[in-house]
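Subject: Structure for your review

Dear colleague,

Please read the notes with the model open beside them.

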Amino acid sequence: MTDDGTTTAATAGTLGYEQARDELIEVVRRLEAGGTTLEESLALWERGEELAKVCRRWLEGARARLDAALAGPEEPSESSGTD
């Protein structure tokens, strides 16, 4: 974590969805509360953008998996054994 309570950008790629979401909620809470310097606010905003991207990637991956599951079983690539 950095001095302002955020983690580094390097760890953003390793965060799970729930971790990223919870940290994003905290970032938003801190921004809404105010009382931070302009520099701190900008750092929080940038971290929030990174976290939002992490969440978006997780959700897009989940959507793709659901779409694949709902599409049903794929056709077998080999013959079904009838000769």
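In these notes a salt bridge is a side-chain nitrogen of Lys or Arg within 4 Å of a carboxyl oxygen of Asp or Glu. The model is a predicted one, in which local features need pLDDT of at least 70 and side-chain atom pairs count only at pLDDT 80 or more, while totals for chains, interfaces and linings use all residues. Residues are numbered from 1 along each chain as its sequence is written, and side-chain values use heavy atoms, with hydrogens and water left out.

Salt bridges

A search of the whole structure gives 4 salt bridges, among them one in which Glu 50 pairs with Arg 47, the closest N and O atoms lying 3.1 Å apart. Both of these residues belong to helix α2 and stand 3 residues apart, about one turn of the helix; helices here are DSSP runs (H or I, at least four residues), numbered from the N terminus. Helix α2 itself covers residues 38-70.

Arg 47 also meets Glu 23 in a salt bridge, with an N to O distance of 2.9 Å. Because Arg 47 lies in helix α2 and Glu 23 in helix α1 (residues 17-33), this pair ties together parts that are 24 residues apart in sequence. The side chains of Arg 47 and Glu 23 are likewise joined by a polar contact of 2.9 Å, a term that stands for a pair of N or O atoms within 3.5 Å where, within protein, one must be able to donate a hydrogen and the other to accept it, and where residues adjacent in sequence count only if both atoms are side-chain atoms. Taken together, Glu 23, Arg 47 and Glu 50 are linked in a network of salt bridges.

Asp 22 is partly exposed at 42% relative accessibility, and Arg 21 is partly exposed at 32%.

Glu 39, Glu 40, Glu 46 and Glu 49 gather in a patch of negative charge on the surface, where a patch is made of residues with over 30% relative accessible area and no salt bridge, like charges being joined within 9 Å and nonpolar side chains within 5 Å. Of these residues, Glu 46 has its place in helix α2.

Leu 42 is also found in helix α2 and is partly exposed, with a relative accessible area of 42%. Ile 25, in helix α1, is exposed at 51%, and Ile 25 and Leu 51, which are 26 residues apart in sequence, are 9.7 Å apart in space from C-alpha to C-alpha.

Key:
Helix = DSSP H or I, 4+ residues; strand = E, 2+ residues; numbered from the N terminus. Areas by Shrake-Rupley, 256 points an atom, 1.4 Å probe, with all protein chains shown as cover. Lys, Arg positive; Asp, Glu negative; His and termini not counted. Charge placed at Lys NZ, Arg CZ, Asp CG, Glu CD. Buried < 20%, exposed > 50% of the residue type's maximum accessible area, 1.4 Å probe, protein only.
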